[in-house]
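Reader: Can you take me through this one? I'd like the overall numbers, then some detail.

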Amino acid sequence: MADGSLLSADLKLAGRLDARFFALLEALDATGSINRAARTAGLSYKGAWLLLETACNLANEPLLETATGGAGGGGTRLTPAAHGLLAAWRALQTEHREFLRTQEARLAQLPALAGLLRRMSMKTTARNQFAGTVSAVDIGPVSAEVTITLKAGDEITATMTSAAAKRLKLKKGKEALALVKASAIVLVTDFAGWQLSARNQLAGTVSRIEKGAVSSLVILTLPGGAAITASVTNEGVEALGLKVGAPATAVFKAYSVMVATQA
C-alpha cells in the first residue's frame, strides 16, 4: 500500500506464477537472453532458471525455445504457448486492478472503516503507534510542541522543528499518529519522590513480558486499554521486579516521538 491505496492483493496463477515470473517472461521476450532478463527482473541467473524450469515442467506445452546462430542470432525465445500465458496475465492484471479500485471506492463510502485502514497502513519499525487527534499546537520560531490526545484520553506530547510542524499542517482537531520506538521508553516502578523532566509519563500495568536472549519486550496496558511496549534488558527486568500485573510507568521524552499525518 505504498501508493496510499487501502487495498492490496497479489495476483497469482496456479498458486505460484506471480508478478515476478511474468516480469521475467516479459524481459526474456524483450532481450532474448535469460542472463539479461534475470538482471532486468531483479533476479539471479540461478533464480531465474529455477522459476523457468518449474513452470516449464508443469506446462503441457514448451514455454521456451532456443535459437542458435542464423540471421537473427541465438538466444532464448518465448513459444506461442508462453506468449498466450503472458497475454492472459496482462488481461487478468488489468481486471484485477479495476476490481481493487472498485472495492476501494466502496470503502471510501465507509469513513470510519477507511480511517481505520489508513491508520493501520503505515509500515514502520517503531513498535508503538498510537492514533489520536491533535489537541494543542505551539509553534515557535525554531521548534514546535504538539500534543496528541488518544481515543481513551491519554496524551502524548512531541517536539519537532517549526518547519516540520508547518509541513505536516498540524492544527487542533487534525488526526495524527504518534510513533515511539520501544528502545526510547524507560520504565519506572517507583519514583521515590523524584520528578523527571521527560514530558510523557504514562502509567499502566504490565500485561505481558516477551523475554529474549539479551533483552525483553515489556508491554504495559494503560487504563484506557491502549498498550505501550518498552525494550528492557533482562537484567533491568529482574532489577525492577517486573512481572505481569505489576504497576509501572512508561517514560519517554517529547523529542522521541515522531508524528505522522495524512498527506
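This is a predicted model: local features need pLDDT of at least 70, side-chain atom pairs count only at pLDDT 80 or more; totals for chains, interfaces and linings use all residues.

Reader: How many helices and strands?

Author: Seven helices and twelve strands, taken as DSSP runs numbered from the N terminus, with at least four residues of H or I for a helix and at least two of E for a strand.

Reader: And what share of the contacts comes from residues 24 or more positions apart?

Author: They make up 57% of the contacts with a separation of 6 or more, a contact being heavy atoms within 4.5 Å.

Reader: Switching to strands. How do strand 9 and strand 10 run?

Author: Antiparallel: strand 9 (residues 215-221) and strand 10 (residues 227-233) are joined by seven bridges. Two strands pair if DSSP finds at least two bridges between them. Leucine 220 has isoleucine 228 in strand 10 as its bridge partner.

Reader: What sits between those two strands in the hairpin?

Author: Five residues, and glycine 225 in the turn has a positive phi of about 105 degrees.

Reader: OK, salt bridges. How many does the structure hold?

Author: Four, where a side-chain nitrogen of Lys or Arg must lie within 4 Å of a carboxyl oxygen of Asp or Glu.

Reader: Which residue does arginine 101 pair with?

Author: Glutamate 98, with the closest N and O atoms 2.8 Å apart. Both are in helix 4 (residues 80-108), three residues apart, which is about one turn of the helix. Glutamate 98 is partly exposed, at 41% relative accessible area.

Reader: What about arginine 199 and glutamate 145, where do they lie?

Author: Their side chains form a salt bridge at 2.9 Å, N to O. Arginine 199 is in the loop between strand 7 (186-188) and strand 8 (200-211), and glutamate 145 is in strand 4 (residues 143-150), so the pair ties together parts 54 residues apart in sequence.

Reader: Is arginine 199 buried or partly exposed?

Author: Partly exposed, at 47% relative accessibility. Glutamate 145 is partly exposed too, at 29%.

Reader: And which residue does glutamate 210 bridge to?

Author: Arginine 208, the closest N and O atoms being 3.0 Å apart. Glutamate 210 is partly exposed at 32%, as is arginine 208 at 39%.

Technical notes. Residues are numbered from 1 along each chain as its sequence is written. Side-chain values use heavy atoms; hydrogens and water are left out. Buried means under 20% relative accessible area, exposed over 50%, partly exposed in between (1.4 Å probe, protein chains only).
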